There are 2 protein chains.
Amino acid sequence: MKQRLAAIGTVETLPHRVAAFLSREIESGELNPGTRLPTEQELSEKFGVSRNVVREAIAQLRADGMIEARQGIGAFVLAPEQRAAIRIDREALKDTHNMERLFELRCILEAESAALAAARRGQAHLDSIKEALDRMGGEERWEEGSIDADLLFHREIARATGNSYIHTFISFVCEQIRHSIHYARMTNPLHDLVEINVGEHVRIYEALVAGDPAAAESAMRAHIIGAANRVGVKLPLSKTSGAK
Amino acid sequence: MKQRLAAIGTVETLPHRVAAFLSREIESGELNPGTRLPTEQELSEKFGVSRNVVREAIAQLRADGMIEARQGIGAFVLAPEQRAAIRIDREALKDTHNMERLFELRCILEAESAALAAARRGQAHLDSIKEALDRMGGEERWEEGSIDADLLFHREIARATGNSYIHTFISFVCEQIRHSIHYARMTNPLHDLVEINVGEHVRIYEALVAGDPAAAESAMRAHIIGAANRVGVKLPLSKTSGAK
DNA sequence: TCAATTCAAGTTGTAGGATGATATGCATCA
DNA sequence: TGATGCATATCATCCTACAACTTGAATTGA
């Protein structure tokens, strides 16, 4: 439990802060691709930290493919197309518009994945999905337990597609949304009633059992739109009509 | 231990190699979530590098949410659900099955995005998409030029959705595929005839101009399946039939 | 003058030690 | 017994030094 607290309250380490600063400067366009960064020496003076801290920060940006460091010359900003990793700025998610966009992406991913899962799921998949479903409804308190079960439900469906990349992407997007909502509840207790609609989940599960891709897709789509609404995000209809 | 490694393109730095080693150990399951890593001291001795190098490696893994370091205690492996970034192992993409899965994910993302783009695109979007289309056909040599134009074409469509996350995700997936194919061509000259089917692109563009989401979606789906076939990846039908 | 070589300065890469901050367990003492 | 304080282990940060690499200017030789 003590670990729990430590895990939630992320410690802001110096390299992390420096990396975040530079990252923002690059994303915002203040540092165009091709631009040379200040030297490590200059950066350490500018931020008032040691060169080691700057190096750790640059190591992160380098691993993400945001910059490229060349020995003897310097570090240069790379084009956004050459990113080696996808990362979502959690600050930006406090803006409802961005949350809306993320839900839209999630809807795209999960709707088609549900269809794939309906076509490919095995009995073992159905069992683990069912288990998550039961955990969701069985939980007395709408606290961590049922939210975790909800996430597990979606992850298990993604796993049932048999495509590990789909699983990775969906897990990632869901986790970002969960974290953001969790944060919103911490700062604004009004949000305490984040209800989970069990009926929507059951409909998805039944479509999977029946092996009906079209039904699974539309049930998942309806569910995500509903989930978005329940946290105050109005999803643009996307292609609810076009799916027919 | 003075190996001369003339890796093409990327200079293999020590922190990168250490991070890759640890990363693989975690991904492969040798280090389960919750496990404590050896101390920085031990790692630096084990790999024969300085503690600074180990720290830079750990900084990368930490930024990705693969491990969590707690001052005074140690560093611990985190569960795969808590990843803060998506990263695709390029080694794994040499396996055709993985390439197939990635194409499937791309198909999901781009098909629905094309539909969204058809509904939301403005004139400026159409112009830049058309420009990429012209660059693609105009190129004499099927070398870098037309491949870049092809990627740009897809990115501009993603941008026309007005959803920056969709744009990020699609750009990322496309870039991983491009890099992998580029690498395959380097090692196996047989692949030299990676043709680009202009007709498929034109059909997508026309659907966008017409503002027809359903047509855009099916044209995009057909195009990606075709593109996969042309590089030797047979895409499982996914939901070509279910889309009707 | 001109070309080739050498050299010096600047920058990142790596090494190693020192000190501060934090968590844990043990010993001490009332 | 129980609370306190100390020693230890570990990560966080800082510092200095040197190696490897690049660039451009100074030097040298014809």
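This report describes the confidence, the interface and the strand pairings of a predicted model with chains A and B.

Residues are numbered from 1 along each chain as its sequence is written, while chains are lettered from A and ligands numbered from 1 in the order in which they are written. Because the model is predicted, local features need pLDDT of at least 70, side-chain atom pairs count only at pLDDT 80 or more, and totals for chains, interfaces and linings use all residues; side-chain values use heavy atoms, with hydrogens and water left out.

**Confidence**

The predictor assigns the complex an ipTM of 0.86 and a pTM of 0.88. For chain A the mean pLDDT is 86, and 86% of the residues reach 70 or more; pLDDT is the predictor's confidence in each residue, from 0 to 100. Helices (H or I, at least four residues) and strands (E, at least two) are DSSP runs numbered from the N terminus. Where pLDDT is low, the predicted coordinates should not be read in detail.

**Interface of chains A and B**

Chain A contributes 52 residues to the contact and chain B 51 residues. Together the chains bury about 4600 Å², of which 57% is on carbon and sulfur atoms; buried area is the accessible area (1.4 Å probe) that two parts lose on being put together, summed over both. On the chain A side, the most area is lost by A:Ile86, A:Glu112 and A:Tyr165, which together account for 16% of what that side buries.

Between chain A and chain B there are nine salt bridges, each a side-chain nitrogen of Lys or Arg within 4 Å of a carboxyl oxygen of Asp or Glu. Over all chains the structure holds 35. A:Glu112 is joined to B:Arg221 in this way, with 3.2 Å from N to O. Another salt bridge links B:Glu56 and A:Arg55, whose closest N and O atoms are 2.8 Å apart. That pair runs from helix α3 (residues 51–63) of chain B to helix α4 of chain A.

The side of chain A that touches chain B draws two or more residues from each of α1, α4 (51–63), β3 (85–87), α5, α8 (164–187) and α10 (213–230) of chain A. The largest share, 12 residues, comes from α5(A). By class, this side has 23 nonpolar, 12 polar and 17 charged residues.

**Strand pairings**

Two strands pair if DSSP finds at least two bridges between them.

| Strands | Bridges | One bridge pair |
|---|---|---|
| β3(A) and β3(B) | three bridges | A:Ala85 and B:Arg87 |
| β1(A) and β2(A) | four bridges | A:Arg70 and A:Gly74 |
| β1(B) and β2(B) | four bridges | B:Ile67 and B:Val77 |

The β3 strands, residues 85–87 in chain B as well, pair across the two chains. In chain A, β1 (residues 67–70) and β2 (residues 74–77) pair within the chain. The hairpin of β1(A) and β2(A) has three residues between the strands, and A:Gly72 takes a positive phi near 90°. In the hairpin of β1(B) and β2(B), also with three residues between the strands, B:Gly72 has a positive phi near 90°.

Note on methods: Contact = heavy atoms within 4.5 Å. Nonpolar A, V, L, I, M, F, W, Y, C, P; charged D, E, K, R; others polar.
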